[in-house]
Amino acid sequence: MTETSDSFFSYRPVLEALKEMTSVPLAQDIVLLTPTGERPSYLPRHVCMPRDFGGLECNLDAWQNDNIVESTTLDQSQVTALYQALSSHVTLIQGPPGTGKTFIGGLVAQMIQDNSDESILCVCYTNHALDQFLNHMLKRGEKRLVRIGGRTKSQELKHYELKELARTKESSTGDAEHRMKVVVAKLYQCNRDMTEYLEKMMDPLDWPALEELFNKIEGNLYVNFPNPDSDGFQVVGKPNKRIDSDALFAMWKNGDRCPYWLEDMLDNTDNIDFENIWLLSTEQRLRQLKAWKQQHLKESINALQVMAQYYQHLSKEKETILMEIESRILNDARIIGATTTGAAKYRDLLRIKNAGVVIIEEAGEVLEPHILSALSEPTVNSNETKHLVVIGDHKQLRPMVESYRLTKVSGHGYDFDVSLFERMILAGYPSAMLQVQHRMRPCISALIREQTYPMLQDHESVHNYLNVKGTTGNLFFINHNNPKEGDNDPQATTKSNVLEASYCVKMIRYLLLQGYKHHQITELTPYVGQILTILRELQKLGDVHAFVSELDQMELRQENEEVCEQEIHELDDNNSIRCASIDNFQGEESDIVVVSLMQSNKQGAIRFLKEEQHVNVLLSRAKYGLFIVGNASTLQASPKGQQLWLPLLKMLEDQGRLVNALPTVCQIHPSDIVLCKEATDFKKYRPNGGCTRACGARLECGHACPLTCHPTDINHVLTSKQCAQPCRHIPPECPHNH
């Protein structure tokens with residue numbers, strides 16, 4: 001027996017699709033890495049930009065970047081990427097963090113749609129990225145879109161899911177709908193019949209089943225259980241209970257002796273083939289019952305197999321009708337969205353649609369077979385994919401594979417996690433790179449510019465961000481030497497750092513007391529084991545809620561079978577802190593990010609933190625504030641990670657951002673600066689988010705505010721309602737309900 005992981009079921013549609021492929025579409029570009037040098041033939045020479053870009057007309061054969069930059073809000077790198085996307089059969093667009101990959105992908109799709117009759121298939125690695133792209137297209141006014149798969153979190157997109165459209169749209173009415181109702185009714189009845197049959201098979205052998213069996217086999221065994229009423233008279237036993245064939249069989253099963261009247265009947269029978277089974281001992285009767293039961297099951301299984309074959313026939317008929325309905329819906333769509341797994345799973349349906357253009361988002365995270373399975377080969381019923389636009393960043397996370405031995409960093413040479421995007425770029429295939437980021441404030445973007453993207457520029461908008469409230473800076477590395485749990489236990493499969501998690505949680509609560517909303521703050525960590533520790537620390541607070549994404553939940557269950565479901569339940573709303581692993585937060589952003597690095601040891605063992613792609617994603621998720629909590633000495637001691645971390649830590653130290661305690665400041669009394677080194681310091685020195693001075697402000701009821709300095713609820717609306725001081729007024733006359 002071979003054991004496989006749950007992820008096999010997500011890979012299976014891709015593997016099935018690869019088995020059917022006989023050639024590689026767009027092989028000259030993808031395999032031979034030789035651009036054709038010609039623009040896609042379906043696009044005209046003159047194309048117009050969308051109306052919100054002034055409807056500017058562009059000549060693909062005489063493209064002028066400067067003219068478009070002057071006439072639109074696009075920058076030089078965006079215009080270059082747009083031109084390459086429209087003028088090449090296969091286009092690679094690299095988008096560093098925050099540079100607007102979804103925006104440029106949406107613009108490319110919009111221009112193809114406005115200037116041709118081609119339909120577009122957009123394939124993304126995650127449901128989150130797919131929702132982003134399709135929502136972007138909805139906002140641009142596109143209504144003829146279909147989302148394949150039913151795991152969207154967007155309420156707007158639920159109406160565009162293929163299954164929902166098949167259920168509600170007029171295209172599913174008529175003959176197909178009638179045939180579907182008939183087949184579904186037959187399936188329901190067949191399933192009901194099989195269920196009843198199975199239940200009967202599980203029941204003990206009764207007389208009706210045995211009588212039916214006796215009629216099918218040779219011999220006269222039924223003579224042993226005659227029906228005494230056949231001559232018009234009834235036979236009764238004690239206490240005046242009627243005796244029939246069923247009762248006789250029950251007596252025989254129980255080991256009772258043969259009734260006297262039946263003995264006389266059997267002794268005088270004329271049937272020469274007769275076998276008197278009443279003479280069998282109790283043990284012999286049990287063996288005989290077992291033999292009859294097996295023979296009965298054999299007959300029942302044969303009948304059940306016939307039912308199952310009929311059920312399979314009906315199921316195939318249902319799939320055929322459903323594909324007919326869904327193909328009508330796809331034929332009317334201009335934009336079709338699917339995850340990589342969904343595109344492979346619905347390959348037959350997409351082959352009927354035969355979208356001429358394929359756009360791959362998050363391509364750096366997508367395994368090469370997933371992209372190949374989304375392309376169309378030239379066949380009798382379909383044409384080859386005409387145009388492929390691949391958008392991603394190979395310097396962020398690579399595709400995930402379960403075996404470390406198969407990864408590039410393992411050094412074994414298999415390199416399964418090298419995406420098609422990375423392979424083609426490193427081989428020198430022409431590509432465009434977006435160079436202006438719109439997410440991170442300059443001090444944060446400087447980290448990834450130093451590490452990975454020397455050409456990255458900041459958009460003017462990121463210079464105008466407000467400073468993070470409650471601290472003296474917007475970027476800090478809070479250094480500590482608290483060891484993590486599990487290092488000394490060789491049996492421990494999950495390791496965590498409780499003290500570090502507690503510090504991060506208390507910091508989050510402190511930021512919430514500055515007036516930030518739950519959805520503005522995200523807790524990130526490289527390890528799912530640390531997520532569970534952070535969640536447990538958050539639950540201790542009682543007043544701070546958190547949620548974990550579906551992907552992180554799945555990984556938590558795989559790593560810790562004893563995890564409590566209530567600890568990791570998903571509650572994605574504006575009143576919850578997002579706790580996430582780095583791997584499952586790529587493509588997302590947050591106003592403020594608190595990072596728990598977890599690793600703290602003298603050996604310099606830092607696992608994922610030695611990989612540039614992971615660190616790149618970690619440093620590039622925050623917009624306004626980034627607070628990293630970890631052991632700098634561990635990072636510096638890592639044999640493989642120090643070349644990555646030493647320049648970053650030196651840069652942070654030179655800027656005064658590498659600290660041993662978070663410098664906090666009271667918003668109301670700015671001169672009051674306190675260094676919070678331990679988790680308990682936040683409650684000790686910043687109990688309500690401000691300093692320890694008494695507030696003393698007069699409430700509406702006339703009492704003094706009992707709290708220490710607090711930057712939220714400045715008008716004391718909540719505090720007045722919660723005042724518990726004795727009221728001097730006669731209670732019925734008190735306007736404050738004291």
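Analyst: In this predicted model, helix α22 crosses helix α24 in a right-handed sense. The residues that make the contact are E612, V615 and L619 on α22, and L644, W645 and L648 on α24. Sorted by class, the contact between α22 and α24 holds five nonpolar residues, one charged residue and no polar ones. Helix α22 covers residues 612-619 and helix α24 covers residues 642-654; their axes lie 10 Å apart and meet at an angle of about 30 degrees. Angles under 35 degrees count as roughly parallel, and α22 and α24 are therefore roughly parallel to each other.

Q613, which falls within the residue range of α22, is also one of the residues touched by H394. H394 sits in the loop between β10 (387-392) and α17 (420-426). H394 has a relative accessible area of 9%; buried means under 20%, so H394 is buried.

Another helix, α6, runs over residues 127-139. At 1.5 Å a residue, its 13 residues should span 18 Å, and the end C-alpha atoms are 18 Å apart, which agrees. The buried residues of α6 are A129, L130, D131, F133, L134, N135, H136, M137 and L138. Among the elements covering these buried residues are α5 (101-115), β4 (120-124), β5 (145-147), α7 (155-158) and β8 (335-339). After α6 comes G141, which has a positive phi near 100 degrees.

Methods:
Residues are numbered from 1 along each chain as its sequence is written. This is a predicted model: local features need pLDDT of at least 70, side-chain atom pairs count only at pLDDT 80 or more; totals for chains, interfaces and linings use all residues. Side-chain values use heavy atoms; hydrogens and water are left out. Helices (H or I, at least four residues) and strands (E, at least two) are DSSP runs, numbered from the N terminus. Buried means under 20% relative accessible area, exposed over 50%, partly exposed in between (1.4 Å probe, protein chains only). Contact means heavy atoms within 4.5 Å. Axes are lines fitted to C-alpha atoms, for helices over the stretch in contact, and angles run from 0 to 180 degrees between N-to-C directions. Angles under 35 degrees count as roughly parallel, over 145 as roughly antiparallel, 65 to 115 as roughly perpendicular and the rest as oblique. A crossing is left-handed if the near helix is turned anticlockwise from the far one by less than a right angle, and right-handed if clockwise. Ala, Val, Leu, Ile, Met, Phe, Trp, Tyr, Cys and Pro count as nonpolar, Asp, Glu, Lys and Arg as charged, and the others, Gly among them, as polar. The expected span of a helix is 1.5 Å times one less than its number of residues. Lists of a residue's contacts leave out its neighbours within four places in sequence.
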